[in-house]
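I opened this entry to keep track of what I looked up, starting with the aromatic rings and ending with the overall fold.

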Amino acid sequence: MKKLSVFLASLLLAGITLVQAQTVRITGTVTSSEDGMPMPGVSVVVKGTTIGVTTDVDGKYDIKVPTSAQVLQFSFVGYEKQELEIAGRSVIDVVMNPESKQIDEVVVVAYGVKTKQSKTGALSVVKNEELTSIPVASVEKSLQGRVSGVQINNPSGAPGASSQIVIRGASSINAGTSPLWVVDGIPVVSGNYSYATTDGNILASLNPNDIESITILKDAAAASIYGSRAANGVILVTTKSGRKGKANFGVRAESGFSTPLNDNKNFRFMNAEESLDFWRTAAMNAGFDPDDPASGQYYLPKTLLAGELTNWWNEVFQTGKTNEVEVSASGGNDKTNYYFSGNYFDQQGIQINSFMKRYSARLNVETKLTDNLTLGVRLNGSQIKMADRFSSLAYGNPFWAAQSIFPWTPVKNPDGTWNWNIPENNDSNPVAVGALNDRYDDQNKYTGIGTLEWNILEGLTFRTKNSIDYYFSIGRDYRHPETPEGSDVNGQLYNGLIKTITRTTSNTLSYVKSFNDVHNVSALVGFEAQDFDFTQYDLQGEGMGADIPYLNNATSNKDVGYGFTSWSLVSYFANAEYNYNNKYFVTASFRTDGSSRFGKDNRYGYFPAFGAAWNISNEDFLKGIDFVNLLKLRGSWGTTGNWQIGNYETLGSYSSVLYNGVGGLAPASLAKPDLSWELTKTYNIGLDFTLFERLDGTLEYFNKKTEDMLLDVPISQTSGFSSLRRNVGSMRVWGVEALLNGTVVKSKDFMWNVGFNITYNKYEILDLAGQDVISDGFWRRYRLNGDGFSEYYVYDWAGVNPVNGLGLWYDDNGNITQNFNNARRVFRGKVEPDYYGGITTDLSWKGLTVSLMFDYKVGHSVYVMERRYVDSDGYSFQLQTVNSTNFWRQPGDIVPNPKPIAGNPTESNAWGTSRFLEKGDYLKFKQLSIGYNLPKKIVEKLKVNNLKVYTNIYNVFAWHDVSYFDPERDFKGGGYAVYPNPFTITFGLKLDL
């Protein structure tokens, strides 16, 4: 038996040797004649055989052909087919010429690339030039208004702050709505992992200029291969790679400034005269004499205006500054390509003591180790120092303090010391607090991705990607002994350390084959595993004074806290695709995920998807219709899952308690071993078209139904708990999207393009586990068959009584009452817009380019929570808005505001009143970019390849009816005194050597 085995092995080896002796290896690169860029996805076939491969993302191919082969055929949709004689060559580079029809776009998708004509799912692509034309620190802000079906809110304008992204509407009530981010094929963690910074954002560690493109996967056919994490969509980020050819060196420098956004509402707070008149009236209406010192805080003599007045807005706001410098290098040869960048970004915010400073570097290298083995390494590192003050209604929030402190209150006392006598802001001086306290995070993030690609046989490729993502942050929050927070304890310090480690392995085996030039098949199977560890240390102490403000000098209340959490995910997936002659396309995928977040009996979820497409424009009956360049009908169905819950929710937990003076443990949560995945089933119908080589568009209809929702269901309180999370309930969101891009004028020197996208979403909550309504916060509710996803449930304001100036309400019978306790609550308005989208236009004339972008939302309401205090009718003793000057003064007045009464016992400014619910529609002039490439004759004299000067303007202007600074609120329509979005203008120079 042993001899037989040896004989068979020898025979097999001889056969392989004979086959190898009968084939030759040919390599090369395929580029486009229009721009010289590599072309992925080009079909390379030995004429007269079924032997073929496709070019990779860098336009390269590697094929073994019989020694008898004479001709290679190169084909790609939208390009002229080429046939080249081999003639003994081992390297054959090809330049493809476009047909008269528009060039087919190649985009990065899940675990590969596709052409626009071959896609069956719904996806959108944003290119590098669109991402880098906005002067922001974090890349997700650049997507706003550019992609249909993607709603992006920027509730905070702090340097580096994150955005809220919802793709095709929220699919869950309790399990999270954030999309999955995938960078260079590896899922990454997003969100705020800062200790001291309010608006931290881990994605700010990624330099937007390093990004080649972003692909947003919106439906199940495109995204379900990511399984459990795809219910809220997937965002694929592809960073830049080097190209074969001459080395390219680039230098870019950018500098500019920021100010608070100026809109057309002329919204402002009262000046000193208006404020004094208001509060004197409020004091008198409450029975106080504002000229009598015995009135306490309501002693408000007119002589206050005779002293030196302070503009607190000028004290807490500043002109923000942005400076950025970047160097890059890229290039390559037949064996190796590389891309390197180093970036310095420094942004001072418009609010005092807010900034972000980032140092980052990236190195992407790919090299052929052997003829069929390629190694790739992608390394990225960043160091960020980020700071802001408190947000929300905190006294230390400069933005809120500026809305609280009266103009006659000075920053400093006559002797030059800080003024702490500020009762309207709880005796907190935001300027002094900013000067004396420290509050910042030092963040470090390092990512390494190693890729090994093995071309086993023609068309058969194995790829393995392995990565480690390491994040380490140290936060400091120091309260000086002179400040109210630190005065009682002679200084107070909180230090925190946060560390996260994400390890990922992704392994795929793919096969691509073409038969008889018309049958094209591909298949992929894969295995992926990921785990995430989070560790946090909290250290605090008091009594360290101001000279040595560190924990080693603390004298009391020293304490150390520790926290650790982790999760892991293991996945198996497969995908198969077939297209016939680039006319008929079919795709199917399947993924199973196992998550540590669920119990052992429900740990795995199963997520299939199917898609099909008909490229009508390739049919014979349309061959003679020249103006139809592309007409393609698509359809898909699939299932995705949602696992965005706590790491240990399925387990019962205990917490330490003190009972009758004795420490012990008590149940903190009930075990939920049956908890499992939320499932979202989606189907999509889409139409892609290109007409007259000028008008490009997509129409989409989608329908998503979420089942087995993770809801908190009421249970008997005899259990010790009031609710238990279970897989119950369902909801649906459906919508229509339209995207149009057209070339209005195209001539030798001048081009004008216009783009428009719009999305309409409709929510239907179908089942709430036997409940008709459940809470979504104090004044919001989810309800069966309601008007939206989440609706405002508010007290029904009826205006101002013209007889006595008091606030009025509707009661349950529809009658008007002055008693707030009898006010009815009604559903009015919803948090999500009916329509949202963007408008773009760009013009180019010779070397000059001008681009504009607008963002809009229509059909929703926002709740301006701050108005409870700044339009409080005398309730809150602080600065009020100029709107409040229009108040009731005498019988017969028809005005929007009741008469002010110091202390306001009438509840006219109550939480949750419809009085502060406002129409949230807006149109924002989001971006204006102007650039000029110097003429070639000047550039040649300077001995450089290209020189461009440009200016980028962000948040140019806003049209809206919201009675506050910015109509853009968080996804739930609220937010308290958040950092305003600034107007930003930068000037830059880009030099290519």
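**Aromatic pairs**

I counted the ring pairs and got 52 aromatic pairs in the structure. The model is a predicted one.

I noted both values because a pair of aromatic rings is described by the distance of the centres and the angle of the planes.

Where do Y344 and Y359 lie? I found Y344 in strand β19 (residues 336-348) and Y359 in strand β20 (residues 355-370), so the pair ties together parts that are 15 residues apart in sequence.

Y344 has 26% relative accessibility and counts as partly exposed. Y359 has 44% and counts as partly exposed. Buried would require under 20%, and exposed over 50%.

**Charges over rings**

I looked for arginines above aromatic faces and wrote down two cases. R597 lies over the face of W643, 4.3 Å from the ring centre. R868 has its charged end over the ring of Y869, at 5.6 Å from the centre of that ring.

**A four-stranded sheet**

I traced an open sheet of 4 strands, in the order β3-β2-β5-β6, and its pairing is antiparallel. Which strands stand at the edges? They are β3 (52-54) and β6 (82-85); each has a single partner strand, so one side of each is left without a neighbour in the sheet. From one strand to the next, the twist averages 20°.

Within this sheet I checked the pairing of β2 with β5. Strand β2 (residues 43-46) and strand β5 (residues 71-75) run antiparallel and are joined by 4 bridges. I noted V44 opposite F74 in β5.

**Whole protein**

I recorded the span of the C-alpha trace along its principal axes as about 110 × 75 × 65 Å.

How much of the protein is made up of buried residues? I got 54% of the 993 residues.

Residues 24 or more positions apart account for 69% of them.

Terms used
Residues numbered from 1 in each chain as written. Predicted model: local features only at pLDDT ≥ 70, side-chain atom pairs only at ≥ 80, totals over all residues. Heavy atoms only, no water. Phe/Tyr/Trp six-rings, centres within 6.5 Å; stacked < 30°, edge-to-face > 60°. Helix = DSSP H or I, 4+ residues; strand = E, 2+ residues; numbered from the N terminus. Buried < 20%, exposed > 50% of the residue type's maximum accessible area, 1.4 Å probe, protein only. Lys NZ or Arg CZ within 6 Å of the ring centre and 35° of its normal. Pairing = 2+ DSSP bridges. Axes fitted to C-alpha atoms, helices over the stretch in contact; angles between N-to-C directions. Contact = heavy atoms within 4.5 Å.
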